Amino acid sequence: MRAPVVGHDHMSGVGHGGERPAERGCRLDESPVVPAARYTTADAEVAFPPSANYGLN
């Protein structure tokens, strides 16, 4: 099973929103909102994977 996890940036980690699914055997697909290259100027555009990839529609 795959679980989508949205994180603020590359420094924040996934927290409980990612730890619990991982403990239960899910493979995490992390999507950071602010990529490492834009960490100091966090006005970056973000594109999330389609929800159909996770059976969410």
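Tutor: What follows sets values against cut-offs. This is a predicted model, where local features need pLDDT of at least 70, side-chain atom pairs count only at pLDDT 80 or more, and totals for chains, interfaces and linings use all residues. Residues are numbered from 1 along each chain as its sequence is written, and side-chain values use heavy atoms, with hydrogens and water left out.

Student: What makes the pattern of the protein β-α-β?

Tutor: Helices (H or I, at least four residues) and strands (E, at least two) are DSSP runs, numbered from the N terminus. The protein has one helix and two strands. Read along the sequence, they give β-α-β. The C-alpha atoms fill a box of roughly 35 × 25 × 10 Å along the principal axes.

Student: What makes Asp29 and Arg27 a salt bridge?

Tutor: A salt bridge is a side-chain nitrogen of Lys or Arg within 4 Å of a carboxyl oxygen of Asp or Glu. The closest N and O atoms of Asp29 and Arg27 are 3.1 Å apart, and the pair forms a salt bridge. The two side chains also make a polar contact (3.1 Å). That term covers a pair of N or O atoms within 3.5 Å; within protein, one must be able to donate a hydrogen and the other to accept it, and residues adjacent in sequence count only if both atoms are side-chain atoms.

Student: How many salt bridges does the rule give?

Tutor: Four. Glu23 forms one with Arg20, at 3.2 Å between the closest N and O atoms. Glu23 forms another with Arg24, at 3.7 Å. Both Glu23 and Arg24 are exposed. Salt bridges that share partners join Glu19, Arg20, Glu23 and Arg24 into one network.

Student: Why are Glu23 and Arg20 separated by about one helical turn?

Tutor: They are three residues apart in helix H1 (residues 15-23), so about one helical turn separates them. Glu23 has 56%, so Glu23 is exposed. Arg20 has 34%, so Arg20 is partly exposed.

Student: What makes Val6, Val46 and Phe48 a nonpolar surface patch?

Tutor: Patches are made of residues with over 30% relative accessible area and no salt bridge: like charges are joined within 9 Å, nonpolar side chains (Val, Leu, Ile, Met, Phe, Trp, Tyr) within 5 Å. Val46 has 34%, so Val46 is partly exposed. Val6, Val46 and Phe48 make a patch of about 260 Å². Accessible areas come from the Shrake-Rupley method with a 1.4 Å probe; for residues, only the protein chains shown count as cover.

Student: How do you know that Ala37 is exposed?

Tutor: Ala37 has a relative accessible area of 76%, so the label is exposed. Ala37 is found in the segment after S2. Its C-alpha atom is 9.6 Å from that of His10, 27 residues away along the chain.

Definitions and conventions. Buried means under 20% relative accessible area, exposed over 50%, partly exposed in between (1.4 Å probe, protein chains only).
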